[in-house]
Amino acid sequence: MFGTESSLSMFLNTLTPKFYVALTGTSSLISGLILIFEWWYFRKYGTSFIEQVSVSHLRPLLGGVDTSAPSNTSTSSGDPGDSRQSVSECKVWRNPLNLFRGAEYNRYTWVTGREPLTYYDMNLSAQDHQTFFTCDSDHLRPADAIMQKAWRERNPQARITAAHEALDLEDCATAFILLAEEEATTIVEAEKLFKQALKIGEIGYRRSQTLQHHGSQYEAQHRRDTNVLVYIKRRLAMCSRKLGRTREAVKMMRDLMKEFPLLSMFNIHENLLESLLELQNYADVQAVLAKYDDISLPKSATICYTAALLKARAVSDKFSPEAASRRGLSTAEMNAVEAIHRAVEFNPHVPKYLLEMKSLILPPEHILKRGDSEAIAYTFFHLQHWKRVEGALNLLHCTWEGTFRMIPYPLEKGHLFYPYPVCTETADRELLPMFHEVSVYPKKELPFFILFTAGLCSFTAMLALLTHQFPELMGVFAKAFLSTLFAPLNFIMEKVESILPSSLWHQLTRI
């Protein structure tokens, strides 16, 4: 026993200050590297690498249960209907105001060298095109058979080549759609191609309409021809809007909504709202909102923020935060503030883009409702309308942060809507390009292991510096610390030695 103590004492005495400097310096370097990696991983994926490995691999080995999985769909009320609502809010939707690839997205790539669309976003668009523009009987028509393969093609040039091959065989509406979307370099060219597609699409629609009741095959073909016709007319209306013929665009959208009232999946009313705001026809905007801002219909940032804009328009030109704090809010001002709080609760990412506190990028082809992608898509088209209403952005600036005082924290339940879904960050990272910093709500706290490694790195770096500056003093402290650290072990060994026979203890020490 005394030999062990003497060996330990001898070992501590042989350690020089250089050893302590090397030890603390190495510890500081290793913990610093871990800190850098953890920070990078957190910025890219929104979680701690060490925590993720612990939850994914160590917890199952220790018999733990992962409780994070159900949190995506469960709510505090426990109602299965609430779960379905939460799942639907995490669904990715097609952007009603999506840009043209050839005339707008590709032009951005030519100028900046950056890709505005992610592979995930374009893959979703390919699935949409196959759903809207193909049917089981396409193999009976050579041009449609070629286009069926073209919509599945990943290479843009291969898709364009296939569309030209289909047009060489016969007039094909979907081939003109593809060329208008991807080959046309200006909106004027795209409009010409869509007009050619419209002539062919109307002929095909009328023909399939007369045959739709002759069997399931004809019914599927008529459904496809209906989707093609609606898509062409909607894109032609968007071309008119982009070329400054806004009244013509409004008329086309209204006619389209009357002709096909059941096809709400295209969300044409959002295109109509944006065009009416451009015309400053606020009475018609209110009429559209009265129809679509209904409790039974799914909400969107366009619906909620347009309703807030109309309420703000009534009071924003005379609104003053100082005067309001002195006399209190009037009824109209209270209605405007409540409308802004409602909109911010639905999508809390929009105000920073409207107030230009965060840089804007081109909107993706698909959006996640209540997510950063929807906020970008809304602001890209509607920022000009907020700027046009005098004082609207000032009212938003003064009141939007008050929303978060009304929402329970943590987000177990909402105030006017269902709890904010936890899946938005992951989906938005897939939809938005890498050069964009995704807006996250609620703001995530730094993981424990980042804070731990930061503290460890700082502490060991300070020890290395002190040891280098005061080697003798730090050596005394280190020896005293190690002696104190090993004191309980020495005490236990003394007790064991007093209990066990000396011969047995001698054999154990030899082993």
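Tutor: Start with a term: buried means under 20% relative accessible area, exposed means over 50%, and partly exposed lies in between, with a 1.4 Å probe and protein chains only. This is a predicted model, where local features need pLDDT of at least 70, side-chain atom pairs count only at pLDDT 80 or more, and totals for chains, interfaces and linings use all residues. Residues are numbered from 1 along each chain as its sequence is written, and side-chain values use heavy atoms, with hydrogens and water left out.

Student: What percentage of the residues of the chain count as buried?

Tutor: The secondary structure comes to 24 helices and 2 strands. Helices (H or I, at least four residues) and strands (E, at least two) are DSSP runs, numbered from the N terminus. Of the 511 residues, the share that counts as buried is 45%.

Student: Over which residues is the pLDDT below 50?

Tutor: pLDDT is the predictor's confidence in each residue, from 0 to 100. Its mean over the chain is 79, and 75% of the residues reach 70 or more. Where pLDDT is low, the predicted coordinates should not be read in detail. The stretch with pLDDT below 50 is residues 64-89.

Student: How far apart are the end C-alpha atoms of helix α10?

Tutor: The expected span of a helix is 1.5 Å times one less than its number of residues. Helix α10 (residues 187-211) has 25 residues, so it should span 36 Å. The model agrees with this, as the end C-alpha atoms are 35 Å apart.

Student: Which helices do the buried residues of α10 pack against?

Tutor: The buried residues of α10 include Ile 187, Ala 190, Leu 193, Phe 194 and Ala 197. An α-helix has 3.6 residues a turn, so residues three or four places apart point the same way. Contact means heavy atoms within 4.5 Å. The buried residues of α10 pack against α5 (101-112), α9 (173-182) and α11 (216-242).

Student: Is Arg 370 buried or exposed?

Tutor: Arg 370 lies in the loop between β2 (366-368) and α19 (372-388). Its phi is near 75°, a positive value in a residue other than glycine. Because its relative accessibility is 1%, Arg 370 counts as buried.

Student: Where is Gln 280 found?

Tutor: Gln 280 has a positive phi of about 60° although it is not a glycine. Its relative accessible area is 44%, so Gln 280 is partly exposed. Gln 280 is found in the loop between α13 (268-278) and α14 (282-292).
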